[in-house]
Structures are given as C-alpha cells and as structure tokens.
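Please look over the sequence and the model below. A short report on the fold follows them.

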Amino acid sequence: MKRVLIVLLIAVVVGSLVGCSNNKGVSGDKVNIRIGSKNFTENLIVSEIYALALEDKGYKVERVPNIASSIIHTSLVNGEIDLYPEYTGTGLLAILKKDLLTDPKQVYDTVKSEYLKQFNLVWLNYSSANDGQGLVIRTDVANKLGIKTISDLQKQANEIRFASQGEFDKREDGIPGLEKTYGRFNWKSSRVYDNGLKYEVLASNEADLAPASTTEGQLTKSQFTLLIDDKHVWPPYNLAPVIKKTVLDAHPDIADILNKISASLDTPKITKLNAEVDVEKKEYEEVAKKYYDSIK
C-alpha cells in the first residue's frame with residue numbers, strides 16, 4: 001500500500017511540474033492566447049496585428065473576431081477571451097459611466113485605475129491613434145466658405161446641407177453637445193440618411209456635411225475634409241490593448257510586445273489601414289500582415 005501511495009504521489013508531482021513547464025509564457029513557449037476583436041474594420045486590423053506580434057514571439061494565438069461591441073467587455077471579464085483592442089473614451093463613458101473628460105492622459109489614467117479595481121483588467125499603453133467623433137465636409141464646400149473648424153462651421157451653418165443619421169441629432173455627444181459649446185447650428189437643410197451611405201451622399205452632392213469617425217478610410221480621399229474640433233467637445237478614443245491581469249501576470253512579456261505596437265500607431269496610419277480595407281477592398285489580414293512586417 002505504501003509503495004502504491006508513493007508511486008501515485010510521484011505521478012502527481014511530475015504531472016504538476018510538466019503542466020507548469022508548459023505554461024511559462026516566455027518567448028518560445030506554446031501558450032494559447034485568445035485575442036478578441038469588435039465587429040468593424042479597424043478593430044479587426046489592430047487585433048490581427050496584436051496576434052501576429054505575439055505569434056512572432058512564440059505564442060500560439062486563438063483569434064476570436066467580430067464580437068459585438070456591446071458584449072466584448074463582458075467576454076473579457078468572463079474569461080472567454082484574454083485581451084482585445086479597446087478605446088479609452090469607450091471605457092470611460094460606455095463601461096465606467098463616468099463624466100466626459102477631454103484630456104487624453106486623464107481619460108487613460110481614469111480607465112486604467114478603475115478597470116484594475118473593478119474588473120481586474122489592465123490597460124497597456126495607449127496609442128496616439130484616436131478613433132473619435134467628428135464632422136466631415138466636402139472639401140470644395142470647405143474651401144469655398146473658408147471652413148476649417150467647427151467654429152467656422154457654426155458661423156456658416158445656414159449655407160450647409162446636413163446629412164444626419166437621426167440619432168446624432170439627439171445624442172449628448174451629437175448636436176446637443178455641440179450646441180452647448182459652439183452655439184446653434186441653423187442648417188440650410190437637414191435630412192436623415194443611413195450612416196453607411198454618407199460618403200455616397202456627399203460625393204453625389206446631395207449634402208455637404210455629415211457625422212463621421214475620425215479614422216474612417218474614406219477620409220484619405222481629397223474630396224473629404226475632417227473639421228477640427230477647436231473647442232474640444234469630444235472625448236479622446238485612443239486605442240490600447242486591454243488584458244486580463246491574471247494573463248499578464250503569467251506572461252509579463254506580452255506588455256512589451258503589444259506596447260511596441262501601440263507606439264507605432266497614430267491616426268493617419270490607422271486611417272490609411274482602414275482605407276486599404278474599406279476603400280481598396282483588401283482583406284484585413286493581408287493589410288495587418290503588411291503593416292506588421294514593416295515595423296517588426
């Protein structure tokens with residue numbers, strides 16, 4: 001009986017040691033990291049760049065793409081994924097329900113602190129790439145009227161045909177928020193269009209102005225101009241990896257790997273990457289690989 005117990009004890013100890021050695025998380029180990037992404041072009045591209053960077057350092061990566069924005073945070077908290085690209089403004093307003101802040105570092109410091117306390121999640125370094133709210137105007141109209149900023153726009157709103165998406169007229173970060181800071185926008189006309197059609201509407205001269213995200217690929221076209229939010233109404237939406245603390249503690253080199261990716265990204269680069277997919281119709285995996293190969 002004693003011999004049987006000794007044999008069993010040795011088997012358990014050896015099994016434990018083998019298990020530990022297979023999960024060290026240093027370069028070269030075959031650890032499986034699950035990377036999620038939201039269901040739109042930019043997030044798919046960035047998550048794929050993260051995946052390539054980790055694979056390049058010896059990690060096995062499971063890609064979990066196209067998770068709805070409304071549930072991806074819950075997926076991370078519940079351990080269904082290990083990390084994903086998030087936006088500081090989304091963390092501040094949608095997840096933490098905090099008051100609006102406009103300083104990028106203050107927003108980042110707030111979400112970093114609160115995510116750790118509330119969810120045991122870590123925000124790694126944020127990128128200067130900012131996928132925030134904006135207004136896009138036809139360049140010919142902007143040049144004709146001398147409009148470069150939202151202040152300029154407000155003064156000449158009566159010359160502008162506005163292509164709304166309906167909810168933008170009511171959201172606090174839409175027209176109501178703008179008018180609190182800039183004053184009333186007395187449009188020449190305002191009609192509601194589907195958000196996915198806005199660039200077609202502008203290009204066909206059916207409207208002059210529309211709400212936009214600041215990194216949309218179509219903004220690379222010279223016929224469209226993104227107006228400057230000169231009074232800083234909108235919060236920053238800087239990109240950063242968010243990761244479970246338990247995963248980072250087990251594999252601390254992930255921080256350096258992904259922080260290098262964040263340091264390489266800015267708004268023009270992200271916009272160009274989006275354009276390659278949404279305008280040039282390339283596959284996002286191809287675009288991500290080309291970018292990663294250029295920076296590694």
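Predicted model: local features only at pLDDT ≥ 70, side-chain atom pairs only at ≥ 80, totals over all residues.

Residues are numbered from 1 along each chain as its sequence is written, and side-chain values use heavy atoms, with hydrogens and water left out.

**Whole chain**

The protein chain has 13 helices and ten strands. Helices (H or I, at least four residues) and strands (E, at least two) are DSSP runs, numbered from the N terminus. Of its 296 residues, 48% count as buried. Buried means under 20% relative accessible area, with a 1.4 Å probe and protein chains only. Among contacts with a separation of 6 or more, 75% join residues 24 or more positions apart; a contact means heavy atoms within 4.5 Å. The accessible surface comes to about 14700 Å², and carbon and sulfur atoms hold 53% of that. Such areas come from the Shrake-Rupley method with a 1.4 Å probe.

**Strand β5**

Six of the six residues in β5 (residues 133–138) are buried. Gln133, Leu135 and Ile137 point one way; Gly134, Val136 and Arg138 point the other way. In a regular strand the side chains alternate between the two faces of the sheet.

β5 pairs with two strands, as tabled below. Strands pair if DSSP finds at least two bridges between them.

| Partner of β5 | Sense | Bridges | Facing residues |
|---|---|---|---|
| β8 (residues 209–213) | antiparallel | five bridges | Gln133 and Ser213 |

**Cavity**

A cavity is a set of points on a 1 Å grid over the protein atoms alone where a 1.4 Å probe fits but cannot get out; lining residues have an atom within 4 Å of a point. The count comes to one cavity of 30 Å³ or more. The largest cavity has a volume of about 60 Å³, taken as the space filled by probe spheres set on the points, which are joined across faces, edges and corners. Its lining includes Ile35, Glu48, Arg63 and Tyr284. β1 (32–38), α2 (41–56) and β2 (60–67) each supply at least two lining residues.

**Helix α4**

In α4 (residues 88–95), the buried residues are Thr88, Gly89, Thr90, Gly91 and Leu92. Their cover includes β1, β3 (83–87), α5 (104–119) and β4 (121–123). Lys97 follows α4 and has a positive phi, near 60°.

Note on methods. Buried < 20%, exposed > 50% of the residue type's maximum accessible area, 1.4 Å probe, protein only. 1 Å grid on protein atoms, 1.4 Å probe; cavity = no way out; pocket = protein on both sides within 12 Å on 5 of 7 lines; lining within 4 Å.
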